[in-house]
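Please take the sequence and the model together and follow the paragraphs below through the assembly, its contact surface, and some details of the chains.

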Protein chains: 2
Amino acid sequence: MKAPVVPVTSSASIGDPEFAPLDLTRLLEPAAIALVGASTNPQVTSGQPLRYMKEFGFGGRLYPVNPRRSEVQGLRSYERIASLPEPCDIAVITVAAPQVPAIIRECGEAGIPFAVVLTAGFEETGATGAVLQKELRDAVSESGVRVVGPNSTGIVNLRCRSYCAQGGALSEAGLQPGPVAVVSQSGGVGLSILSFLQSAGVGASYLLSSGNEVDLDVFDFAGHLLRCPDVSTIALYLESSISGRKLRALGRRALEAGKPIVVLKAGNTGAARAAATSHTGRLTADYQLFRTAFREGGYIEVGDIDELVDVTKAVSGGMRTKGARAAVLTTSGGWGVMLAEQCEARGLTLPPLAPETIAAIKPLVPSYASLGNPVDITPQGYKDQYASYNEITRLLLADPNVDLVVVRSATGSDIGAWADRLIQIVEGNGKAVLVHWAPSARRFLDVKERLERCGIVCFPYVNQIAAVAAAVVDFSARRDACAAGAVTIMPAEKAAVPPLVLRNSPGLMGEAGAMECLRAYGIAVAKSRLVPMEGLEALDLADFAFPVAVKIESDDLPHKTEAGGVVLNVAGAAQVREAARRVLDRVRAKAPTAVINGILVQEMATGLEVIVGAVSDPHFGPIVMFGMGGVFAEVMNDVSYRFAPIDRSEALRMVREVKGGGLLDGARGQPPRDLEALAQAIVAISRLIADYRDTIAEIEINPLFVRAVGAGVSAADCLIRTGSRSP
Amino acid sequence: MKAPVVPVTSSASIGDPEFAPLDLTRLLEPAAIALVGASTNPQVTSGQPLRYMKEFGFGGRLYPVNPRRSEVQGLRSYERIASLPEPCDIAVITVAAPQVPAIIRECGEAGIPFAVVLTAGFEETGATGAVLQKELRDAVSESGVRVVGPNSTGIVNLRCRSYCAQGGALSEAGLQPGPVAVVSQSGGVGLSILSFLQSAGVGASYLLSSGNEVDLDVFDFAGHLLRCPDVSTIALYLESSISGRKLRALGRRALEAGKPIVVLKAGNTGAARAAATSHTGRLTADYQLFRTAFREGGYIEVGDIDELVDVTKAVSGGMRTKGARAAVLTTSGGWGVMLAEQCEARGLTLPPLAPETIAAIKPLVPSYASLGNPVDITPQGYKDQYASYNEITRLLLADPNVDLVVVRSATGSDIGAWADRLIQIVEGNGKAVLVHWAPSARRFLDVKERLERCGIVCFPYVNQIAAVAAAVVDFSARRDACAAGAVTIMPAEKAAVPPLVLRNSPGLMGEAGAMECLRAYGIAVAKSRLVPMEGLEALDLADFAFPVAVKIESDDLPHKTEAGGVVLNVAGAAQVREAARRVLDRVRAKAPTAVINGILVQEMATGLEVIVGAVSDPHFGPIVMFGMGGVFAEVMNDVSYRFAPIDRSEALRMVREVKGGGLLDGARGQPPRDLEALAQAIVAISRLIADYRDTIAEIEINPLFVRAVGAGVSAADCLIRTGSRSP
């Protein structure tokens with residue numbers, strides 16, 4: 001009998017812009033579990049799943065399968081999967097690696113839809129293991145069983161005490177279920193995240209470890225979890241993946257569901273892509289694609305586990321904001337300074353308070369209290385059991401200039417009264433409150449728990465407050481934009497087909513052809529004329545403004561300048577002929593095999609140099625890049641990225657994101673530049689790469705000259721590589 | 001009777017390059033304490049010092065002074081200071097603010113050398129308080145009493161239970177003395193640091209809060225503490241100070257003593273200096289001066305209290321390294337990736353292991369273990385109670401390529417055996433070991449304490465490991481360089497006096513004069529000639545290479561280009577005359593009052609543009625700046641700083657520190673540049689500003705052109721402002 005396969009998309013769906021979400025209900029809420037290879041020793045790996053489920057009270061049926069025993073840990077043991085009394089939801093597999101493929105086939109025949117393979121010794125161990133993993137993959141596709149692992153720590157659902165998993169951290173009694181789901185590509189890191197969350201008082205019902213991902217991967221897990229009503233937040237540990245489109249689709253769904261995915265991505269310093277020719281390509285290291293996907297979707301990227309725990313605590317409790325304007329309330333000048341500084345460093349603003357707020361606070365504080373922002377009422381200001389302190393908190397929350405309030409906690413014996421009143425004030429207010437926790441680590445833990453149960457998160461360190469507030473602000477803004485429809489990707493109405501784009505076979509396109517593509521997409525290019533070598537003598541440049549550039553035109557020379565193929569600032573027609581001969585001689589000497597199409601004569605453009613580029617990534621899709629001048633992008637790596645296509649406002653944000661972007665406003669006595677025209681050019685390139693993602697691999701305009709406001713832009717050089725980039 | 005004043009330098013020493021350290025022994029180890037204004041209520045501020053000392057067992061004599069009581073908290077109370085039975089070491093003062101100056105005078109008459117003023121209500125509260133503080137200052141200088149505060153949290157020495165201090169955090173019993181001293185400009189932050197250190201198991205004997213610093217400041221405190229044999233480390237919270245020279249001198253002493261000062265500096269985003277004309281001046285915000293001082297001396301700068309606690313824990317336990325080469329040992333691939341990544345991001349390297357190390361490890365691990373760096377022995381690798389795991393740790397410590405080892409801890413019941421063996425291995429080894437602590441927050445705390453008592457610090461988060469390791473490596477390198485005499489500041493042999501430097505009255509110096517100064521210090525300048533207006537017609541430029549620049553020469557125009565005073569690329573002598581007239585017309589229109597010295601004709605230099613600048617700061621002394629091109633420094637703020645003078649190797653480090661510095665190696669088909677000549681120029685400017693620190697306020701060469709290797713540099717413009725910069 002073939003297994004009643006779960007409604008699925010085939011694994012061919014990997015790479016589709018939208019992956020259809022799987023229904024993993026029976027994996028996460030099993031009624032009956034087979035434990036294939038379960039050990040009689042509850043301490044060892046293969047004995048742990050059964051031990052944990054017995055010890056912590058799994059409510060369903062458990063069937064050990066072990067031909068050498070009649071009883072395992074007090075339960076009747078079955079000889080074979082085929083002899084089980086009912087078709088289980090899951091088989092937890094701990095047999096030796098070589099036996100696993102056969103067991104998967106037996107599961108398929110017995111109608112078991114899911115297998116969780118804890119056994120290690122596959123691809124992670126080298127060549128022999130890789131052969132085994134290939135066998136396992138065959139067994140998966142032939143049996144129809146959906147498989148977690150191998151080399152997985154397993155699947156845990158604390159709500160129903162389903163421990164299809166191993167790991168010492170799971171032996172702790174009293175692990176608390178809650179709205180967080182932990183999804184991890186590393187078993188060890190996943191267990192630690194669960195453990196750290198629990199220590200921080202953050203309940204997590206689910207732990208899903210994907211192991212070697214022979215079948216199901218972290219995106220399948222997260223895709224299902226986003227649709228679970230008892231999950232508000234996913235904590236994701238990611239190492240590597242080529243499922244760029246799944247990552248992007250998952251991010252979109254998270255944003256739509258309003259459920260953040262707090263993601264820690266490791267393994268970011270891998271070698272940059274090798275094959276790319278243009279700078280755009282060289283700069284597009286994999287990690288940039290991940291980061292771009294994180295920022296586009298409902299992800300919150302964090303830098304370490306501690307930040308993951310802090311942010312998860314806040315967002316899983318529902319903390320959201322309407323904007324980035326923070327008010328800080330403190331009784332200590334020193335802390336006020338540090339809170340303000342770190343909040344501002346993370347992109348929050350500390351606006352002046354509304355006059356009515358200041359007027360209302362004034363009678364509550366000593367005359368020398370500071371009523372700026374931070375509000376510092378000094379240690380003299382809370383002698384009334386923090387009654388006026390709490391009243392000030394209320395006033396700050398009511399201030400129309402304020403989106404969130406950071407308040408330093410009370411200390412000492414008044415702390416309970418302070419907290420109870422604070423909870424009343426915050427309840428139903430809708431604005432976020434973060435508490436800068438003052439007592440030492442071991443005191444008043446009950447008060448802290450009371451506050452955090454009400455969504456008022458408490459942190460002792462200033463950088464935690466700032467990091468969490470910034471993450472919440474950022475996610476909330478993206479979520480609101482999504483809900484308002486403001487992040488809808490533009491419809492892919494393909495622009496008029498530029499005649500030359502598809503003319504070339506895979507490879508480089510000459511500059512003249514590339515310029516024609518730009519023109520087709522409305523990008524102004526420097527006036528130019530392609531002259532065949534034999535036409536040089538008769539060349540008429542009466543309609544050109546001198547000086548001009550003289551460039552070799554060839555499909556074989558991506559870096560013309562380095563090949564000696566460019567002469568700039570040529571003053572007249574006679575000099576053009578001379579320059580053309582010089583250029584030709586140099587190129588023939590340096591690149592004797594290059595096919596020469598002719599000489600490109602081009603008016604010298606002026607303005608501020610920027611780079612606009614684009615790449616069609618085989619895993620993530622089309623992506624557009626912006627950077628200032630040559631050296632900014634090349635030496636400083638000061639560039640911004642977005643998935644294409646984008647609209648004008650997103651293009652303007654890309655420009656603002658690079659550090660050198662301030663140059664466009666007119667530094668050093670230079671005029672302000674035509675930002676609108678620049679944004680249009682970026683949008684146009686994003687459309688061009690999106691429309692021709694399957695046939696154009698890379699585009700780079702370098703430089704694009706940006707003129708003064710109103711005077712537009714002018715592309716002075718352009719490189720287009722056709723043919724899809726190999727994965 | 002005048003107080004027997006402690007051997008002191010007067011407060012006039014502030015600003016001296018070397019401040020003579022005070023002897024604060026009687027302040028920190030008092031035998032007799034007067035408590036002036038002590039309250040009978042042990043809960044309130046004025047009752048707390050007496051309460052804490054009685055409760056925790058201060059061994060010396062305590063004398064409450066309170067004219068309205070005959071007894072205070074069980075001790076006989078004295079009516080006046082004059083009636084005390086012995087001259088106390090300290091008077092702790094908690095009387096109302098207006099009475100404090102008179103009390104200080106009484107202390108002086110009674111021969112009490114130190115007063116700790118806990119009373120608030122002085123300068124921090126506004127104008128009235130400032131008047132009081134002025135009165136207090138007068139009382140200090142007239143009485144000779146050395147005063148802590150006012151508005152201080154006080155002075156605590158836990159070793160002798162001397163609590164001349166207030167604060168709820170001090171009420172905790174069992175605070176542990178230890179090798180750390182906490183010094184803080186904020187009372188609240190200081191108490192929190194003590195509290196956080198204690199929670200982290202780091203003993204700290206001293207807490208010194210400087211309050212409003214009417215007399216003694218944090219540098220006086222730290223200067224004394226560096227000489228205390230029971231202090232290994234100072235944790236310093238700093239907000240602001242104009243004692244730049246004290247900060248630098250303290251840093252030098254810390255380095256010489258080998259005792260790190262872990263410093264958290266807040267208040268860094270204050271407005272940049274206003275009066276400066278050149279970009280150098282504008283970019284030299286105060287914080288840069290502090291950072292430069294931190295890096296020069298024995299400071300370790302941290303970003304928040306948590307990092308301060310982590311780093312202090314490691315360095316106070318004596319952790320040091322001989323280099324930055326780390327080996328990572330783990331049982332989990334995921335953690336290995338994260339540890340490696342964050343260590344590298346902080347400047348550590350993970351070199352390949354020595355072949356003999358790999359050969360020795362191989363028999364101890366499964367065939368599929370990874371013997372790169374990180375070493376990942378997989379979860380299968382520690383089945384022998386971590387015996388082979390510990391043996392691998394030993395081998396890594398013995399590897400000649402390795403300076404420190406990061407090892408993930410055991411988990412579960414084997415952890416005790418693992419830790420005991422690890423302690424044996426590390427003992428006497430001399431290399432640093434950091435443990436990446438795996439168990440959840442509440443487990444095996446005894447094992448962790450055992451390890452940390454032996455200097456093996458344990459952290460659960462990867463960023464903690466990386467931050468601490470980087471701080472230790474950095475401090476150790478500076479300390480070793482200091483011990484080897486490699487950081488001796490060069491002797492200030494004044495270079496040949498340039499004739500023009502001191503000619504001008506305070507103000508700007510014309511470019512011709514500035515160029516002469518550069519020449520006097522050996523910096524090549526673009527060939528130029530100053531021509532008076534009336535000499536234009538007879539101008540002979542036969543010895544000039546065209547094109548040239550034509551510039552207005554005036555002491556009144558720091559920004560010649562913006563005033564229309566520059567024409568570049570002038571092709572011949574006739575055009576020079578024409579350009580000179582154009583320049584003159586434009587400047588006369590824009591700046592009619594500017595005095596014109598003539599016209600400067602200058603050969604156009606070529607090369608890569610850099611900026612070299614210098615400022616003589618009234619508080620910190622002379623400082624030199626380097627940045628790439630105009631926009632790099634101006635728009636990106638991508639510049640580096642050192643206190644002047646510096647030597648060649650330090651100049652090369654400055655060049656390497658800026659992000660755009662890679663351009664000098666020859667990007668984009670450009671030749672590698674003459675780094676040696678550039679370094680010489682930076683050294684020369686650092687000497688020029690150091691030699692004339694009292695008469696030159698600012699220097700800026702902008703641009704300095706750096707030519708290809710061997711071809712030197714050429715200064716194309718230079719601005720010098722004479723006269724000292726006002727504080």
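In this predicted model, chain A can be laid on chain B with an RMSD of 0.2 Å, by a turn of 180 degrees and a shift of 0.0 Å along the axis. The two copies are therefore related as by a two-fold rotation axis. The same surface serves both copies, in that 98% of the contact residues of chain A recur in chain B.

That contact takes 57 residues from chain A and 57 residues from chain B. Between them, chain A and chain B bury about 4,800 Å², and 57% of this area lies on carbon and sulfur atoms. As for specific pairings across the contact, the count of salt bridges between chain A and chain B is zero, whereas 12 residue pairs, with both residues at pLDDT 80 or more, are in polar contact. On the side of chain A that touches chain B, the elements giving two or more residues are helix 5 (187-199), helix 10 (305-316), helix 11 (333-345), helix 16 (462-483) and helix 19 (630-636) of chain A. The residues of this side of chain A divide into 20 nonpolar, 23 polar and 14 charged, and yet, as already said, no salt bridge is counted between chain A and chain B.

Within the chains, a sheet can be followed next. Strands of a sheet pair through backbone hydrogen bonds, either parallel or antiparallel. In chain A, five strands form an open sheet in the order 16-15-17-18-19, and the pairing is parallel. The edges of this sheet are strand 16 (375-376) and strand 19 (457-459) of chain A, each of which pairs on one side only. Further in, strand 17 (residues 404-408) and strand 18 (residues 432-436) of chain A pair in the parallel sense over five bridges, and A:V407 has A:V435 of strand 18 of chain A as its bridge partner.

Chain B likewise holds an open sheet of five strands with parallel pairing, in the order 16-15-17-18-19. Its edge strands are strand 16 (375-376) and strand 19 (458-459) of chain B, each pairing on one side only. Two bridges join strand 18 (residues 432-436) of chain B to strand 19 of chain B, and these two strands run parallel; in strand 19 of chain B, B:F459 stands opposite B:H436.

Salt bridges are a further feature to trace. Side chains of opposite charge can pair when their charged atoms come close. Over all chains, the structure holds 62 salt bridges. One of them joins A:K560 and A:D717, with the closest N and O atoms 3.3 Å apart. Because A:K560 lies in the loop between strand 22 (548-554) and strand 23 (566-570) of chain A, and A:D717 in the loop between strand 29 (713-715) and strand 30 (718-722) of chain A, the pair ties together parts that are 157 residues apart in sequence.

Some backbone details remain. Most residues other than glycine have a negative phi, and most peptide bonds are trans. The peptide bond from A:G149 to A:P150, however, is cis, with omega near 0 degrees, and A:P150 is placed in the loop between strand 7 (146-148) and strand 8 (154-157) of chain A. A cis peptide bond, with omega about 0 degrees, also joins A:F546 and A:P547; the place of A:P547 is in the loop between strand 21 (528-531) and strand 22 of chain A. A:Y386, although not a glycine, has a positive phi of about 65 degrees, and this residue lies in the loop between strand 16 and helix 13 (387-398) of chain A.

Definitions and conventions:
Residues numbered from 1 in each chain as written. Chains lettered and ligands numbered in written order. Predicted model: local features only at pLDDT ≥ 70, side-chain atom pairs only at ≥ 80, totals over all residues. Heavy atoms only, no water. Pairing = 2+ DSSP bridges. Helix = DSSP H or I, 4+ residues; strand = E, 2+ residues; numbered from the N terminus. Least-squares fit on C-alpha atoms with pLDDT ≥ 70 in both. Contact = heavy atoms within 4.5 Å. Buried area = accessible area lost by both parts, 1.4 Å probe. Salt bridge = Lys/Arg side-chain N within 4 Å of Asp/Glu carboxyl O. Polar contact = N/O pair within 3.5 Å; in protein donor to acceptor, adjacent residues only side chain to side chain. Nonpolar A, V, L, I, M, F, W, Y, C, P; charged D, E, K, R; others polar.
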